[in-house]
Amino acid sequence: MNRKTVLTILAVFSLGAIALGAVFYKAEKGSQATGQLAGTMELLNRPHGATIGASDAKVHIVEFLDPACEACRAFYPFVKQLMAANPGRIKLTVRHVPLHEGADFAVQVLEASKKQGQYWPTLERLLATQSRWAINHKVMPDLVLEQLGGLDLDRERLQQDMKSPETGRNMAQDQVDAKKLGVQKTPEYFVNGRQMATFGQDQLRQLIQEELARSYP
């Protein structure tokens, strides 16, 4: 076997090894990405999260929200409009990250309202009246409770449930998961596990539209 033939064979083997390595590398990266997405979805899909929308909707928005956050108040109707424009295709889950001073109290109210099946009316009331109970970005507990009139809530039971171990566990879990997911501000959105790269209503709309197109081709 002459030198030229040997070199040709070595070159063929080298190219094959490179190609095979690329295949394994791609498979490994794909496996890592799948594992990361699965981990993200586990953090997002906690059973205590309040969810609205069709249970079989293929586009799932998870929002980390502070009820005292002005941007959260502004974004909420925007998300509801997107859901209304795509009936049965989008569901929304809200998790809580109390970043404003005293916001833990408002989150306790929201968590306790779940026990009476009144989470969504309570959330919408608190967002609509936010300027009355969040003064200079500080939550006034007595003023929060004043906004609950007319809702189908047993106030005594609500205040008991606010202090329950379950409420504490749910609040702690939200904050642990938010930290692991890198949530540093509110509102923060994940759509089918994908986080917005930059903040804004247009960016959120585009992300949702991409997932709608992918899920409902």
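**Sheet, helices and local backbone features of the predicted model**

The side chain of Asn 170 forms a polar contact with the side chain of Glu 111 at 3.3 Å, a polar contact being a pair of N or O atoms within 3.5 Å, of which, within protein, one must be able to donate a hydrogen and the other to accept it, and residues adjacent in sequence count only if both atoms are side-chain atoms. The structure is a predicted model, in which local features need pLDDT of at least 70 and side-chain atom pairs count only at pLDDT 80 or more, whereas totals for chains, interfaces and linings use all residues. Residues are numbered from 1 along each chain as its sequence is written, and side-chain values use heavy atoms, with hydrogens and water left out.

Asn 170 is placed in helix 8, where helices (H or I, at least four residues) and strands (E, at least two) are DSSP runs numbered from the N terminus. With a relative accessible area of 12%, Asn 170 is buried; buried denotes under 20% relative accessible area, exposed over 50%, and partly exposed the range in between (1.4 Å probe, protein chains only). When residues up to four places away in sequence are not counted, Asn 170 touches His 48 and Glu 111, contact being defined as heavy atoms within 4.5 Å.

The protein contains 9 helices and 7 strands, and 41% of its 217 residues count as buried. Among the contacts in the protein with a separation of 6 or more, 76% are accounted for by residues 24 or more positions apart. The accessible surface of the protein comes to about 12,100 Å², and 54% of this belongs to carbon and sulfur atoms; accessible areas come from the Shrake-Rupley method with a 1.4 Å probe, and for residues only the protein chains shown count as cover.

An open sheet is formed by 5 strands in the order 1-3-2-6-7, with mixed pairing; two strands are taken to pair if DSSP finds at least two bridges between them. Strand 1 (50-53) and strand 7 (194-195) stand at the edges with a single partner strand each, so that one side of each is left without a neighbour in the sheet. Strand 2 (residues 59-65) runs antiparallel to strand 6 (residues 188-191), to which 4 bridges join it, and Val 62 stands opposite Phe 190 of strand 6. Strand 2 is also joined by 7 bridges to strand 3 (residues 90-96), and these two strands run parallel; the bridge partner of Leu 65 in strand 3 is His 96. Between strand 2 and strand 3 the chain passes through helix 2 (residues 70-85), and this β-α-β crossover is right-handed, that is, with the strands pointing away from the viewer, the path from the first strand over the helix to the second runs clockwise.

Strand 2 is mostly covered, 7 of its 7 residues being buried. In a regular strand the side chains alternate between the two faces of the sheet. In strand 2, Val 59, Ile 61, Glu 63 and Leu 65 point one way, while His 60, Val 62 and Phe 64 point the other way, and all are buried.

In helix 4 (residues 119-128), the residues Tyr 119, Trp 120, Thr 122, Leu 123, Leu 126 and Leu 127 are buried. Viewed down the axis of helix 4, these buried residues fall within an arc of 160°, so they line one face of the helix; the arc is that of the directions from the helix axis to the C-beta atoms. In helix 7 (residues 155-162), the buried residues are Leu 158, Asp 161 and Met 162, and because they fall within an arc of 105° when seen down the axis, they line one face of helix 7. On the other side of helix 7, Glu 156 and Gln 160 are exposed. The cover over the buried residues of helix 7 includes helix 3 (103-114) and helix 8 (165-180). The N-terminal end of helix 7 is capped by Asp 154, of which a side-chain oxygen lies 3.1 Å from the backbone nitrogen of Glu 156.

Most residues other than glycine have a negative phi, and most peptide bonds are trans. Thr 186 and Pro 187 are joined by a cis peptide bond with omega about -5°, and Pro 187 is found in the loop between helix 8 and strand 6. His 137, which is not glycine, has a positive phi near 65°; His 137 is found in the loop between strand 4 (134-135) and strand 5 (138-139), and at 48% relative accessibility it counts as partly exposed. Asn 192, likewise a residue other than glycine, has a positive phi near 50° and lies in the loop between strand 6 and strand 7.
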